[in-house]
2 protein chains.
Amino acid sequence: LLELGLVSGVGGVSRGGRRPSVFSFNPHSGVILAAGLGATHSRLAVTDLAGVTLVDREFDLDIELGPEAVLSLSQKQFTELLDQAGVAPASVRGVGVGVPAPVESATGKPVQPPIMPGWDSYPIRDRLAGYDVPVLVDNDVNLMALGEQRTCYQNVPNLLFVKVATGIGGGIIVEGRVYRGADGSAGDVGHVHIAAAGDALCRCGKVGCLEAIASGGAIARRLSEQGIEASTARDVVELVNAGNMRAIELVRESGRLIGEVLGSAVNILNPRVVVIGGDLAQAEGHLMPGIRELVYQRSISLATGHVRIAPSHLDNRAEVIGAALMAIDHVFSPAKVDEAVTEYAV
Amino acid sequence: LLELGLVSGVGGVSRGGRRPSVFSFNPHSGVILAAGLGATHSRLAVTDLAGVTLVDREFDLDIELGPEAVLSLSQKQFTELLDQAGVAPASVRGVGVGVPAPVESATGKPVQPPIMPGWDSYPIRDRLAGYDVPVLVDNDVNLMALGEQRTCYQNVPNLLFVKVATGIGGGIIVEGRVYRGADGSAGDVGHVHIAAAGDALCRCGKVGCLEAIASGGAIARRLSEQGIEASTARDVVELVNAGNMRAIELVRESGRLIGEVLGSAVNILNPRVVVIGGDLAQAEGHLMPGIRELVYQRSISLATGHVRIAPSHLDNRAEVIGAALMAIDHVFSPAKVDEAVTEYAV
């Protein structure tokens, strides 16, 4: 770490034997590039080594353009951001990337991503290896959970983050770390079966998933069927903000349906905090009541006695902050991160 | 550990400096007392320090007799078991106890146990402090999960154990340790709401819980209503073994209902193995097909691609073995166990 300039020796008092040293962490001795790639828009940031954002930007980007186009554009944006921050590319210490897909943690590759055609098993790390620093990749909601927990709930070891956007996903923090499960798919509340979904076909190929009836995409589809133009979660939020009663009604119903599934999740995981984020959470005044109602009605009293259900504080910055923190964790303590990424050890 | 005789020095080759030592673990240098207290029957064991059972016994014991009577009888039984094993009470190094209730991990006290009248907040540790060794207490299913994972799935870090008996409960292992959640109630699959349960009242006070319709107790109640005598999960298994078609039909239906909830649990936890134990698992030929059918139908492909659904190998010995292992973990590495139990550090 000394060699990398990440820490600097500031002396120490000798009491005989090997000279003791006190090191001071220097968050300005390098930067992290962080990306949150979404289905329709992405956010990129340059942060310092404490995870504090130096510069960031959000822009429309269709992930269906495929990995080559999306990652080329991201690299170009990173170059511009570094320039904007007045930081040399040589100062980059790590890269963290979030994608809206399950990710194989051993390789950082997307696994059968339903909304990312062309990305299946794509080697994102290799493509971004140009900075010659560790590149870490994880699922977007895992990173939102990490960003939110580290930033806003440092004393809360168990947290469930639920992203309600065009799709629905969840990320779990156990004892301060992302819990990925055996195949990296832990926290998948969006594809829990719910009777109310009937035989609605989900983009995952199953029928009756929560996402197929309660996501922003599902609401937009139902509105469209009634002649109200909408295709994304953001469109739904705009309609809600404009006072469209049908959109408001559907968001409130979604809240109750999501609450039904989160009631099960709270029983199973017993988290201290459930954070609701994602685009549809912008309509929190209409989304949260149903979630709270059903979780408190459906979960056992021991689990609900202290559980707090809160909207995301970091909002649409949660993912990119989590991506930066994932990379920082690895740069400072590669051994703590999954063995699988030790090939990138500094 | 040397002072306690738990390890013995067996020499070592000096290469200068402080004399190196090689220690040999002596599993026979002490014993563990382990208890699995059930609603209607209990199992007690004396194990060595590797968790290998030296002697054990199971007997009918109604937990509703209350803590004084149950723990007095258990102590008497422990004395007899030590005598039977030819081990002096002074050789006891730790005590592990499982109870069919949520347990506050900081104190080892049962918390609002629905089926243990008189046990709420009872100081089990103090009552069993007579051996002057650490006393550890945990929920029965957590210990079953621990016992099964350590004994049969040592290379499987993520495991969900589901006990289907008179009630239904679950225990979660994450990275080789019991995951308790924020309040110790993690893994509670029995009180997940299920539409098929309608407005059936559960003993937890809610309506529509899985346990209220699919547990051994629920099946026994439904059989009784049809004039078939049964009150426990064991009675149901006896009827199944005797070829009672109505009992078989209800157990098969239970399998599907349990599978419905476990489908959600597999999505949320993404475990590598789901182990089905408890008395009703004795009828596994009729219980497992429905569980497997629904889990594979309801969970996302990434989570179900490698998940294995297996009956318990340890069967009715899982809890007491888990209780012994919990105590052994603490005796050999008190720091690793929750801070809360360090007051009992050896």
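**Two chains about a two-fold axis**

Chain A can be laid on chain B by a turn of 180° and a shift of 0.1 Å along the axis, with an RMSD of 0.0 Å (least-squares superposition on the C-alpha atoms of residues with pLDDT of at least 70 in both copies). This is the relation of a two-fold axis. The model is predicted: local features need pLDDT of at least 70 and side-chain atom pairs count only at pLDDT 80 or more, whereas totals for chains, interfaces and linings use all residues. Residues are numbered from 1 along each chain, chains are lettered from A in the order in which they are written, and side-chain values use heavy atoms, without hydrogens and water.

Of the interface residues of chain A, 100% are also interface residues in chain B, so the copies meet through the same surface. Helix α7 (residues 245-269) of chain A packs against helix α7 (residues 245-269) of chain B at about 70°, with the axes 10 Å apart; axes are lines fitted to C-alpha atoms over the stretch in contact, and angles run from 0 to 180 degrees between N-to-C directions. The two helices, α7(A) and α7(B), are therefore roughly perpendicular (65 to 115 degrees). Here A:Ala265, A:Ile268 and A:Leu269 meet B:Ala265, B:Ile268 and B:Leu269, contact being heavy atoms within 4.5 Å.

A:Gly130 lies in the loop between α2 (124-127) and β9 (135-139) of chain A. With 68% relative accessibility, A:Gly130 counts as exposed (over 50%, with a 1.4 Å probe and protein chains only).

Conventions. Helix = DSSP H or I, 4+ residues; strand = E, 2+ residues; numbered from the N terminus. Parallel < 35°, antiparallel > 145°, perpendicular 65-115°, else oblique. Buried < 20%, exposed > 50% of the residue type's maximum accessible area, 1.4 Å probe, protein only.
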